[in-house]
There are 2 protein chains.
Amino acid sequence: MSKVRVAGFSVSLDGISAGVEQSLSDPLGKRGTEIFQWYFHTQSFRSMHGQEGGSVGDIDDKFAHQAMDNFGSFILGRNMFGPVRGPWLDDSWKGWWGENPPYHAPTFVLTHYEREPLVMEGGTTFYFVTGGIEEALERAKKAAGERDIKIGGGVSTVRQYLKAGLIDSVHLVSVPVLLGQGELLFQGMDLHALGFSVTDYQSSEYATHLTLEKV
Amino acid sequence: MSKVRVAGFSVSLDGISAGVEQSLSDPLGKRGTEIFQWYFHTQSFRSMHGQEGGSVGDIDDKFAHQAMDNFGSFILGRNMFGPVRGPWLDDSWKGWWGENPPYHAPTFVLTHYEREPLVMEGGTTFYFVTGGIEEALERAKKAAGERDIKIGGGVSTVRQYLKAGLIDSVHLVSVPVLLGQGELLFQGMDLHALGFSVTDYQSSEYATHLTLEKV
């Protein structure tokens, strides 16, 4: 059965999943990289970005691998795709990831502004969806076939899908860092009432991995 | 040097440190006991409540022991002391803990309503402080001498002392549970701006222990 999953989603001890003031030089917002320290050292991350080495088969690498494995399509919020706000002035912005993005599958970008699909190298095509989260999910499900659909972020997109009851499984990474300011993941959201329980819990030296599922 | 510490303070994955609807039968609020599973199995907890057995020397027991060790005085919020609200109608309520409370030291209870000190067995005397958090801390410091002062809770009391910059060290226990509703520990509080960093991080099979200090 195809599932709708959030995976590899970091959150600070104080409940923050993105720093403030996202920009071209700070795609994760200020201090946002601090909640991804569990990820950067893994082979899964490094190989995805054309780098050698990295830890293999440890808890962090296992979850890093699962966080990009078996997805037939992806959904991203507009800010996850780039720092451009408002209408697309031209087609020059092609995402944060260069010519060969790490998705290698149809990737649906939520936006209020229409734009033609963007075919990238390596199997990623960005489709721009103006009809809202349900339309994006419907199209992503068709594209994914038997495989899973990943809600890739950012925080606002994940929160919208959670609140709408459209997510089956969430892999969170709780990182021992205080961000203090940024986008709050849990605020005003009762994940217990939405049916989620913590079904798996494992710690590495960098972070604690938690799997939330409806049971 | 005497320090002002919070210790053994549990918080759910979604940032909640007490359940809703505290009552005589639910001192920790609904589902509040779920965030203390790391504590109940330890020898430190069990011996404190006159029970035999329990885990010894593991991560949970080590922190459980530290959470009650070397304190010369304690400060508690009114709700941590009991379910009574408004004026003290009589002296019948003597805390949740029976005749011999686990403090064994002067214990200052924040309240808006005056009441005579209450001498219990085992060295605990409850003093009722109507002058606010700073007066309570001043009296607790005098009482503690060289030893530390523990801000014992509840959530509102800990938040007030944190925001006022009066706390030196916080031991939090992040528990892999979603409470969904209850008292939020971090809401509207920037612990990074208040000078705190995570200086220690250790996980057991029950929970993750984090020490926050000003460095």
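Just after helix H6 of chain A, A:Gly165 takes a positive phi of about 70°. Keep in mind that this is a predicted model.

Now step back into the helix itself. H6 of chain A runs over residues 155-163. Which of its residues are buried? They are A:Val155, A:Thr157, A:Val158, A:Tyr161 and A:Leu162. Look down the axis of H6(A): these buried residues fall within an arc of 165°, so they line one face of the helix. There is a general reason for such patterns. An α-helix has 3.6 residues a turn, so residues three or four places apart point the same way.

Go over to chain B for another helix. H5 of chain B covers residues 133-144, which is 12 residues. From first C-alpha to last, H5(B) reaches 16 Å. That is close to the 16 Å expected at 1.5 Å a residue. Its buried residues are B:Ala136, B:Leu137, B:Ala140 and B:Ala144. They cover an arc of only 95° around the axis, which puts them on the same side of H5(B). On the other side, B:Glu134 and B:Lys142 are exposed.

What covers that buried side?

Next, the whole of chain A. How many helices and strands does it have? Six helices and 11 strands. The C-alpha atoms fill a box of roughly 45 × 40 × 35 Å along the principal axes. With 215 residues, a compact globule would have a radius of gyration near 17 Å; chain A has 16 Å, which agrees. Of those 215 residues, 42% count as buried. Now take contacts in chain A between residues at least 6 apart in sequence. Of these, 63% join residues at least 24 apart.

On to the pair. Chain A can be laid on chain B with an RMSD of 0.0 Å. That takes a turn of 180° and a shift of 0.0 Å along the axis. The two copies are thus related as by a two-fold rotation axis. The same surface serves both copies: 100% of the contact residues of chain A recur in chain B.

How many residues meet there? On chain A, 22 residues are in contact with 22 residues of chain B. Strands E10 (196-203) and E11 (208-214) of chain A each supply at least two residues of the side that touches chain B. E10(A) gives the largest share, five residues. By type, the side of chain A that touches chain B divides into 12 nonpolar, eight polar and two charged residues.

Let me finish with one residue, B:Leu210. B:Leu210 lies in strand E11 of chain B, residues 208-214. Is B:Leu210 buried or exposed? With 23 C-beta neighbours inside 10 Å, B:Leu210 counts as buried. Leave aside neighbours within four places in sequence, and B:Leu210 still has contacts in both chains. From chain A come A:Leu13 and A:Pro176. From chain B come B:Leu172, B:Ser174, B:Val198, B:Asp200 and B:Tyr201.

Note on methods
Residues are numbered from 1 along each chain as its sequence is written. Chains are lettered from A and ligands numbered from 1 in the order in which they are written. This is a predicted model: local features need pLDDT of at least 70, side-chain atom pairs count only at pLDDT 80 or more; totals for chains, interfaces and linings use all residues. Two residues are in contact if their C-beta atoms, placed from the backbone, lie within 7 Å. Helices (H or I, at least four residues) and strands (E, at least two) are DSSP runs, numbered from the N terminus. Ala, Val, Leu, Ile, Met, Phe, Trp, Tyr, Cys and Pro count as nonpolar, Asp, Glu, Lys and Arg as charged, and the others, Gly among them, as polar. The radius of gyration is taken over C-alpha atoms; the globule rule is 2.2 Å times the number of residues to the power 0.38. A residue is buried if 20 or more other C-beta atoms lie within 10 Å of its own, exposed if 12 or fewer, and partly exposed in between; C-beta atoms are placed from the backbone. Copies are superposed by least squares on the C-alpha atoms of residues with pLDDT of at least 70 in both. The expected span of a helix is 1.5 Å times one less than its number of residues. The arc is that of the directions from the helix axis to the C-beta atoms.
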